[in-house]
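Student: I am new to this structure and would like a close look at a single part. Please take the salt bridges and the helices around them.

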Amino acid sequence: MIDMYMKCGRIKDACQVFDTMPERDVCSWTTVLTGYAKGGCMEDARCLFDKMHERSIVSWNAMIAAYARCGDHVEAMDLYCQMQWIGTKPDEFTLASVVSACASMMDLGYGSGIHGQVVKFGFESNVFVGTALVDMYAKCGRVDVARQMFDLMPVRNIVSWTAMVAGYAQNGQAEQATRFFSQIHQEGYAHNGHYQEALKLSFQMKQIGVKLNQFSYASILSVSSSLPAFEEGKQLHGHIIQTGFDSNVFVGSALVDMYAKSGSLQYARQVLDKMPEQDVISCNAMIAGYVQHGYSEEALKLFCQMQHTGLKPDEATFASIVCACANLAVLEHGRHIHAHIFCMGFESPMSVVNALVTMYAKCGGIEDARKVFKKMIEHDVVSWNAMIVGHAQHGDGVETLRLFEQMLLTGIRPDAITFLGVLSACSHTGLVDRGHYYFHSMRHEHNITPRMDHHACMVDLLGRAGRLDEAEDFINKMPFEPDASIWVGLLSACRVHGNIEIGKRVAQLLFDLEPQNTSAYVLLSNIYSAAGRWDDAAKVRKMMKDRDVKKKPGFSWIEVKNRVHAFMSEDRSHPQIEEIHAMLNTLAGSMEEAGYVPNTNFVLHDMEDEHKEHVLYHHSEKLAIAFGLMSTPPGAPIRIIKNLRVCGDCHNAVKFISKIVGREIVVRDVIRFHHFTNRTCSCQDYW
């Protein structure tokens, strides 16, 4: 209780408890003493200390350290002498405090004497004592002895390095200080949670007139790319401009990297564009930043500029640019990049090959992904994950689970991403029991704690199977509060299975949790519309309008000859829209002859059936497919992407179209891939 009050700064309460104690041991006395000392109440601390009949080493240390900390170094030394007089043996904390007191007094004679006692008591290898000795000798002008002490230390920390750099700087040895400063980063201290100390030291060096070189600035900027140190990094950028190093290619590249990693892409690009000479490292940093923060098109543009200026891409360039192709789902562009990689001999690095497997899988070329994977000499967890997640997205549950079991046989341990793929595969193929087994095996067999997204997969698994009550019960038993994505998954399942009761309840939860979440309004409105409850659907849409909630527009796009063409429902903006409509009219006649009947239940607006059929025929995915048929050679696969879930009527229509035109049509929606051939879909209508 006393310790708790002292830690909270409630010294009076701690003293009241102490005064009412019938018996007090050395521990309780020391706790109060330490509280007084740390709180700067030195008179109270000393009074209590003098009253103690029994003192522990902790009691002595508390007083000595407190006197040293408040600048009363003579009193600290006097207490140390008393401690020795009564025969109490010092420990590493005692000696570190006393040595620090000698450093502050710049008393080399006394400090050397304490050094002898450090050796006598066997603490010369202790990192705290060793660092204090380095600091003491440096402050007393014996930087040569400080360096000897530093070199003899078996273990050093960031404070040890800082003491040595400061020692060189304070003794006028600027070149040595700069060299040591650079070594801090080479040793990795700045990247292990000590970036603030390293940055602070760089500013101190500047204040005392030590000039940093380009390598020092580049090293410290690499630390500043971590978000907590971003503001300090910006300050350092100002210092760099003052010293003129902003035009140096090493420093410039480090600045681009710092700004790009922290998400300040505009600043990063400004630095890059102002560099008198760009290199592949600076461009790589910018490209990686674009890809990481969702600007893949800009990454591709910069890659093209690199090529025009004669800069040769390297492994890091290709790994990032292939990821950009994957994000944009531009398969043909990705294939061109792959050919470039092959010509330049970069097909071996793991980072590049893994990126290729992921790109092909995300772009719908799962067979190409398999080929690249099989050619790999070795696989790591990223390689296996790319294949497992890729096959899951393509709805091939059997192959996904086979790959997972094969991965386990090779001895590679799965991670959280692996299980996202496995659970997703179970969900897309209706393997409810297997999904339950794999979910529980995460914790019990693989020591992986399921995250929010793994729980979302389980809700999706149960929801798709129509087990909505079980899904809701699963959510209520989660070990943490479900986020909006969990409830949206259940609400989506309610839409598929037409469950108004649970849908209303879940939608209300979402309205309270995230009032601006568009999905809640759209899904509930669709549930009402599908049930013919047009008035209720209208009320939900009015609620959206009143709350200024904007519905995300649905659109589909297709890549043809390295150019992306996007379409919205009933879109007339495309320059070839008349030819597209003519193609759709031709297809409509052939589809009706083959038995296709438009399912007007998927037009979620109250209108005449004839108008509903017109709307269905001009959905964005049908427009994109018609354009693809016009613009690609006969027999070539058609690949389109939709930003929302493909509608049920379009899903049925594309099956008919694939049979009529004799082509494979691949549709990637927000949930998964659908491969249509010969009037069938790879999802087997379970989606």
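Tutor: A salt bridge is a side-chain nitrogen of Lys or Arg within 4 Å of a carboxyl oxygen of Asp or Glu. The model is predicted, so local features need pLDDT of at least 70 and side-chain atom pairs count only at pLDDT 80 or more, while totals for chains, interfaces and linings use all residues. Residues are numbered from 1 along each chain as its sequence is written, and side-chain values use heavy atoms, with hydrogens and water left out.

Arg335 forms such a bridge with Asp368, and their closest N and O atoms are 2.7 Å apart. Arg335 belongs to helix H21 and Asp368 to helix H23, so the pair ties together parts that are 33 residues apart in sequence. Helices (H or I, at least four residues) and strands (E, at least two) are DSSP runs, numbered from the N terminus. Arg335 has a relative accessible area of 29% and is partly exposed, whereas Asp368, at 17%, is buried. Here buried means under 20% relative accessible area, exposed over 50%, and partly exposed in between, using a 1.4 Å probe and protein chains only.

The whole structure holds 23 salt bridges. Another one joins Arg572 and Glu578, with 2.6 Å between the closest N and O atoms. Arg572 counts as exposed at 51% relative accessibility, and Glu578 as partly exposed at 49%.

Helix H22 covers residues 350–362. At 1.5 Å a residue, its 13 residues should span 18 Å, and the end C-alpha atoms are 18 Å apart, which agrees. The expected span is 1.5 Å times one less than the number of residues. Among the buried residues of H22 are Val353, Leu356, Val357 and Tyr360. The buried residues of H22 pack against helices H20 (315–328), H21 (331–344), H23 (366–375) and H24 (381–393), and against strand S5 (673–677). Contact means heavy atoms within 4.5 Å. Just after H22, Gly364 takes a positive phi of about 95°.

Met359 is also one of the buried residues of H22. In the largest nonpolar core, which has 108 residues, Ile321, Met359 and Leu490 touch the most other members. A nonpolar core is a set of buried Ala, Val, Leu, Ile, Met, Phe, Trp, Tyr and Cys residues joined through side-chain atoms within 4.5 Å. Leaving aside neighbours within four places in sequence, Ile321 contacts Ile287, Ala299, Leu300, Phe303 and Ile337.
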